[in-house]
Every structure is written in structure tokens, then in C-alpha cells.
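Dear colleague,

Please find below the structure that I am handing over to you. My notes on it follow directly after.

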Amino acid sequence: MKHDMSQYPLKLEGDKVPMVRFQNVTKKYGELTVLDGLNLDVTEGEMVTIIGPSGSGKTTVLRMLMTLETIDSGVIYVDGEPLTHMVKNGRLVRANAAHQRQMRAKIGMCFQHFNLFPHMTALANCMEGPVHVLGLSKEEARERALELLDMVGMADKRDQHPSRLSGGQQQRVAIARALAMRPKVMLFDEVTSALDPEVISEVTSVIRSLVDQHNLTMLMVTHQIGFAREISDRVCFFFRGKIEEQGAPEILLEAPQKERTQQFLSAVMNAN
Amino acid sequence: MLDWKLDFTWEILPRLIAAAGNTMLAAGGGYVVAVILGLVFALAQRTPSRTLTFVVRELVEFVRSTPLLLQIFFIYYVGPQFGLRLSPWTAGLIAIGLHYAAYLSEVYRGGIENVPKGQWEAARAINLSTSQTYRRIIIPQALPPALAGMGNYLVGILKDTPMLSVIGVAELMHTANSIGADNFRYLEPYTLVGLIFLAISLPTAWFIRRFDKALRRKMGLTR
């Protein structure tokens, strides 16, 4: 079935353009529908947390934004421009590698397993992108990296390789590495799930300070309901590839309307 | 009865040592060809082009499943029929380089496939290009685990250089053969050839182990 592309604008215009828009986005793995016609707008500076049972498609949302996954139908817009598509001869066509690379510059991501480059020191990890992608001089990149490592409390470990750092320390370096690219949108994919309980607060306090001090747009997938409640502007509960329910954290998490949301939250609360 | 002639030994030793230089040259030259061509083979099999992947895959399989000796003969004796007239040295280096490139490409492939998927994703998240990702992130991590295998093939290529004697490359084996034929004595030349090979390959293997360790330490891959 040919998907009708005329419903999607070439560009988002107006005074209230969302930083991120998912418009009718569907993703399938074979027979399995991971995302089913997802619509989601995230405004600039907003912190949106995605919760839901595993397999509900929440991580896929972030991976698509980072262009680590393709989509089957629909369009994703970032900063008003299409990310998954590009305009050619006045029509939306699939984005080519060059367009994706250009759009990717607006997005940064932190992963569950940090994924630091093991053959580079903490400092070199944070300088890699600024030097080789943004074209900064070594001095400029070093200054920027040191500032960020200082912000995440890792300046004294700048010359250590990742194998010498704890999980919490590695994740903080990974946050600095992503921020060094000056993204407009930051994605946090279960960034505390692989950490020992006693170091989780190292990472959450860094994210909290980002929320307080920067006008970054953030999407976070997490299982830490308490943390989500504390820092989010909005919480989305995903179920079977759709947003089952969403709202301000104190409303969604305290007084969910849908039965699925209630079941999920009580299961999570009992587990904690 | 062991009848070792010491004066004969001293007489032929300089010639054999000179020929050992050629052996090392052949091994070294062939290895350089193999290291570079092997990487090309490995990367060619990872491009999006299915045709290229298929052709290179089959070429590698073909080279690996036919004898080196046949490949040497083929390039040297059959090449001229296709207008490819090569000196014994050139033909020999191409044959041995191509043969070991096929093996090394598998070593590289294993090394590259061992780099976790998360490294590719992190490289993409900071927007490195594909070639930057290979050069700066993937190959530096694929290399240390591949180094042991690469070292084995360096010793392997050294031990296979005597095959080049069949097309007249004046390496160790070729020289020992002609000494034997001239003097009707084979004990001393062949024994010396064996000893010289040992004297080259043992330090090489030792050096590779040292280099491997030093590299891992430098890259922070071991604690």
C-alpha cells in the first residue's frame, strides 16, 4: 500500500514549532509492530520521560531520532525540518546519508552501556567529535571538553581510559561527550539501568543540573519512576507501540486514568 | 653415519646468509602486500554493494582453497598468456601477498566483527562519517585482537617463501638447492637453512608478542 505523503508538511512553520515531532510514525520488525502510528510533539526546552513495559517501543523512539533505526512510515521532524525525509523537487523523499548527517548534528544521545571509546581517555572521548566533526581546533575542543568534564565532576579523571572508570563515572563522561557536540536535543536511553544502585545518583544529579541550567530539549527512557516524577515536564506511558496515556508527572504517576497505566505503575512500585 | 664437514659449512655460510636477506625481503614485501590488500578485501566485504561483497568473498574463498604453489606457477607461467609478463620477484610477491591477503582479510573481519555494536552507535551519535568511524573507532579496536593472528601469518609467510624457489627467486631454499647440486652435499646446506629459519622466526614471534602487549597497554585495553 502506497503511503500518502501529502499529509506531511515539507517544513514546520508558525510561532509554535515543536523541537521534535513524530507524525504518524510506524515501525515494524517483520510481523511485530513496534510503533503504531505514533504522534508525539516535544517543545523546545521540554523534558519528556517515556515509561512503559519492555517491548513497548520506548527505546525505539530514541533510536529513530538518533537515526540508528529507520522508520517504515510517517515522518519525524526535528527543529522544524524533516529528519527521516528530505525535500526534493518539492516533495518529501527518504533522507539520504548526507541529509541524515546534517540533521544528526542537532541530536545527542547517551546509552545504557555508555559506549565510550575504550582506546581513548575520558578527555579524548569528549574531543573526538568536536575536532573531527565540528572542525574545532585541538585547543578549543580541549577547553570545551574540560569545561564539560568539570560540570559532570570528572575533570580529575580526564586522562583515564574507560576501563579504569566505574559505570557511573563512564556514564558521566558519556554525557559530557554528547554535550560537547552542542546538540539541541538530548536523548537518554536507560542511562542508569546498567549502574549499581549506589552510583545512580551521580548520574541523575548531572541530568537534574542539565534540566535546571540549560534550555535543552530532552527525551529520557527510564525505569526510575521517582526520578521521572521529579524532573520531567511530561511523562508518556507507552504500551504496545502507542502512547497509552500522557501528562504532567504528578497527574500521570499519581492519578493515572487508564487501567494499563495503573497496572504498570503498581507493578513497578511493588518491584521497588 | 653423520658426516658433517666444518670447513664446507664455513664456506657456504656467507652465501646462505646473503640469501636469507632475500628470504626476509620476500617475506617482508609479501607481508606488506598482504596486510594492505587484506584490509581492502575485508572492507570490500562490508560495503552496501552486494555485487562487490559477493565477488570479493568468492575471490577470497578461491585463493584460500587452492595451493599457494599453484598460484605462484599460475601467475608466473600463465600470466604471460594474458600479457602479464612479470619478473620472478614481482610474480612471487604478488602470489604470496595475494594468498596471505585472503587469510588476513578473515583475521581483520573477525576483529572488526568483534567490536561491539554500541561502538558504531556511539560513533554515529557524535556524527562521525563512516570512514572516520572505521579509521578512528573500529580499526583501532579491531587491531589488537587481530594482532596474534596477523603475527602467526607473518611467521607463516616466512616459512612459505621457499616456494618462490620454484620460479627462480634466489632465496634461502633456492641457494641451498644449488649449493647441494654443485657439491653433491645436502646435509650442511639444508641443516643451515633450518637453523637460519629458526633464527629468524623465533625472534619474530617474540617481538610480535611484545608488540601486542605494548599496544594493548598503550590503548588502555588492559588494566
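A residue is called buried if 20 or more other C-beta atoms lie within 10 Å of its own, exposed if 12 or fewer do, and partly exposed in between, with C-beta atoms placed from the backbone. E202(A) has 19 C-beta neighbours inside 10 Å and therefore counts as partly exposed.

The model is a predicted one: local features need pLDDT of at least 70 and side-chain atom pairs count only at pLDDT 80 or more, while totals for chains, interfaces and linings use all residues. Residues are numbered from 1 along each chain as its sequence is written, and chains are lettered from A and ligands numbered from 1 in the order in which they are written.

E202(A) belongs to helix α6 (residues 200–213) of chain A; helices (H or I, at least four residues) and strands (E, at least two) are DSSP runs, numbered from the N terminus. Leaving out residues up to four places away in sequence, E202(A) touches G168(A) and R172(A), where contact requires C-beta atoms, placed from the backbone, within 7 Å.

Chain A also holds an open sheet of 4 strands in the order β2-β1-β4-β5, with antiparallel pairing; two strands pair if DSSP finds at least two bridges between them. Strands β2 (32–42) and β5 (81–82) of chain A are at the edges with a single partner strand each, so one side of each has no neighbour in the sheet. Strand β4 (residues 73–78) of chain A is joined to β5(A) by 2 bridges, and V78(A) stands opposite E81(A).

Turning to the interior, a nonpolar core is a set of buried Ala, Val, Leu, Ile, Met, Phe, Trp, Tyr and Cys residues joined through C-beta atoms within 7 Å. The largest such core has 81 residues, of which I76(A), C126(A) and A176(A) touch the most other members. Its largest share, 6 residues, comes from helix α5 (residues 167–179) of chain A. Domain 1 (5–106 + 183–271) and domain 2 (112–182) of chain A both contribute residues, so this core lies between them; the domain bounds come from an automatic or database domain assignment. A second, separate core of 36 residues includes A95(B), I112(B), Y153(B) and M163(B).

Finally, the two chains meet: 18 residues of chain B are in contact with 23 residues of chain A. On the chain B side, the largest share, 6 residues, comes from α5(B).

Yours sincerely
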